[in-house]
Amino acid sequence: MELFFYAVFGGLGAVVAVTELSKSNKDRINTSSAFNSFKNNYLIVYSLMMAGDWLQGPYVYYLYSTYGYGKGDIGQLFIAGFGSSMLFGTIVGSLADKQGRKRACVTYCITYILSCITKHSPHYKVLMLGRILGGIATSLLFSAFESWLVAEHFKRGFDQQWLSLTFSKAIFLGNGLVAILSGLFGNVLVDTLALGPVAPFDAASCFLAIGMAIILSSWSENFGDPSENKDLLTQFRGAAVAIASDEKIALLGAIQSLFEGSMYTFVFLWTPALSPNDEEIPHGFIFATFMLASMLGSSLASRLMARSSLRVESYMQIVFAVSSAALMLPILTTVCYSSIILFSFLPSILIKSHTILLYLVLVLEQFLVAPSGVKGGSISFSGCIQLLGFCAFESCVGIFWPSIMKMRSQYIPEEARSTIMNFFRIPLNIFVCVVLYNVDAFPITVMFGMCSIFLLVACILQRRLMVISDKPKTEDWQLKDRDAESEPLNL
């Protein structure tokens with residue numbers, strides 16, 4: 001089955017190359033040289049930021065285990081990271097609207113560099129501090145940079161459609177190509193050069209420092225609501241009013257939480273799904289394959305968003321439906337295998353005249369799942385089927401990121417963009433913490449079924465968003481917020 005991994009990777013690579021090289025004028029957006037310079041500057045910075053993030057990912061768990069910590073202690077460290085992102089990250093990320101998005105991006109670099117430095121210590125409290133800093137940095141990564149880009153894009157007078165080009169290229173590079181190169185570079189540092197599991201974190205600090213230097217030297221500052229008389233609590237209240245008063249914003253937040261919650265759960269589940277009996281699978285190579293599938297999705301997204309006649313709200317329904325079906329495959333293969341086992345135990349009199357069918361059953365039983373008592377070996381046939389489904393899901397992820405970014409730029413008010421975006425991450429972080437805490441409490445099929453249902457609900461909500469998207473944006477949330485501010489003065 002090892003040839004299968006190379007075939008999938010090569011096939012995806014060929015499709016990505018053909019998709020990119022075969023773009024016609026209809027699939028491209030004509031832009032100005034000023035915009036191209038602006039876009040390339042952002043893509044360089046974003047790629048460096050993502051390199052700093054991707055270099056760490058594959059080695060966090062491994063580093064903790066080399067320090068002698070068990071699964072329970074490591075689980076608490078991961079929960080602390082997501083909890084920090086939910087609590088402290090929401091506060092720090094929301095300050096970007098008031099204190100400045102450029103300043104928030106620089107804060108991300110400093111915070112993540114400090115988090116990387118803590119990885120040199122084997123002490124649990126120091127590592128816990130690093131996870132808390134990492135959680136704060138994650139919130140800034142997924143809110144401050146996008147908020148700065150959207151505000152700066154419109155401040156410079158660029159066409160709104162051009163924004164989708166920056167989004168799709170950022171995901172193609174940052175979540176695709178950079179992720180693959182970071183994985184290979186980390187492997188060289190740890191295995192080839194034998195520099196130890198801390199080396200990728202040191203390399204990440206270098207990339208973050210380079211990106212911070214570019215930000216400080218070439219980015220201008222922009223704000224959401226710079227009014228000095230609005231404190232953080234009032235800012236939170238205004239964001240909550242915006243979400244409650246505009247159904248489009250509320251739907252967008254729910255869709256994002258459902259999809260990203262399923263995506264992060266998938267990160268924890270794909271390894272046991274592909275190797276239920278400890279089959280030998282190339283984890284790094286499979287990760288690179290997933291990133292290649294994500295690149296394919298972002299390439300398709302750039303084609304879709306380049307067509308002004310095709311609405312994001314429309315095609316995203318199909319994306320959510322396909323992703324829901326893809327995560328159903330582990331359940332279907334398990335049910336199929338169980339049915340085969342049940343059929344094989346029927347009284348022989350019922351199958352005596354069905355010799356060929358019985359032979360087919362035995363063959364399928366051999367290919368679908370290895371017997372539970374057999375450990376190791378290569379990936380099963382059902383594992384191969386699931387891998388193809390997981391690649392389809394990752395392609396949907398590649399389409400999701402630039403598409404959700406474009407919808408956020410359309411529906412979220414500029415005055416509270418970072419605050420609302422961090423509000424969206426609160427249910428996501430709660431969900432991931434609950435999953436991490438109970439990851440061993442439920443069968444893997446139940447977890448995949450839950451994710452599939454969430455994605456189906458996202459599809460339904462996306463349908464509703466498309467129906468109401470033509471309604472004018474609600475602007476009275478600011479008036480309600482001001483009334484709420486002035487109300488105590490009238491007492």
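## Close-up views of a predicted model

**View 1.** Once residues up to four places away in sequence are set aside, Ser294 touches Asn175, Glu394, Ser395 and Gly398; contact means heavy atoms within 4.5 Å. The model is predicted: local features need pLDDT of at least 70, side-chain atom pairs count only at pLDDT 80 or more, and totals for chains, interfaces and linings use all residues. Residues are numbered from 1 along each chain as its sequence is written, and side-chain values use heavy atoms, with hydrogens and water left out. Ser294 lies in helix H12 (residues 283-306); helices (H or I, at least four residues) and strands (E, at least two) are DSSP runs numbered from the N terminus. Ser294 has a relative accessible area of 2% and is therefore buried. Buried stands for under 20% relative accessible area, exposed for over 50%, and partly exposed for values in between (1.4 Å probe, protein chains only).

**View 2.** Helices H12 and H17 (residues 381-411) cross at roughly 45°, with axes that come within 7 Å. Axes are lines fitted to C-alpha atoms, for helices over the stretch in contact, and angles run from 0 to 180 degrees between N-to-C directions. H12 and H17 are therefore oblique to each other; angles under 35 degrees count as roughly parallel, over 145 as roughly antiparallel, 65 to 115 as roughly perpendicular, and the rest as oblique. The crossing of H12 past H17 is right-handed, a term for a near helix turned clockwise from the far one by less than a right angle, anticlockwise being left-handed. The meeting residues include Phe290, Ser294, Gly297 and Ala301 in H12, and Phe390, Glu394, Gly398 and Pro402 in H17. H12 is mostly covered, with 18 of its 24 residues buried. The end C-alpha atoms of H12 are 35 Å apart, which agrees with the 34 Å that 24 residues should span at 1.5 Å a residue; the expected span is 1.5 Å times one less than the number of residues.

**View 3.** Gly398 sits in helix H17. Its relative accessible area is 0%, so Gly398 is buried. Apart from neighbours within four places in sequence, Gly398 is in contact with Ile171, Ser294, Gly297, Ser298 and Ala301. Met291 is 107 residues from Gly398 along the chain, and the two C-alpha atoms are separated by 8.7 Å.

**View 4.** Phe35 belongs to helix H2 (residues 33-54). With 0% relative accessibility, Phe35 counts as buried. Its contacts, leaving aside neighbours within four places in sequence, are His153, Phe158, Trp162, Leu165 and Thr166. From Phe35 to Asp159 the C-alpha distance is 9.3 Å, across 124 residues in sequence.

**View 5.** Arg101 is in helix H5 (residues 101-118). A relative accessible area of 0% makes Arg101 buried. Not counting residues up to four places away in sequence, Arg101 touches a set that includes Trp148, Glu221, Asn222, Glu414 and Arg417.

**View 6.** Helix H19 (residues 444-468) reaches 37 Å from its first C-alpha to its last. Its 25 residues give an expected 36 Å at 1.5 Å a residue, and the two values are close. Among the buried residues of H19 are Phe448, Cys451, Leu455, Cys459, Gln462 and Met466. For context, the protein chain has 20 helices and zero strands, and buried residues make up 52% of its 491 residues.
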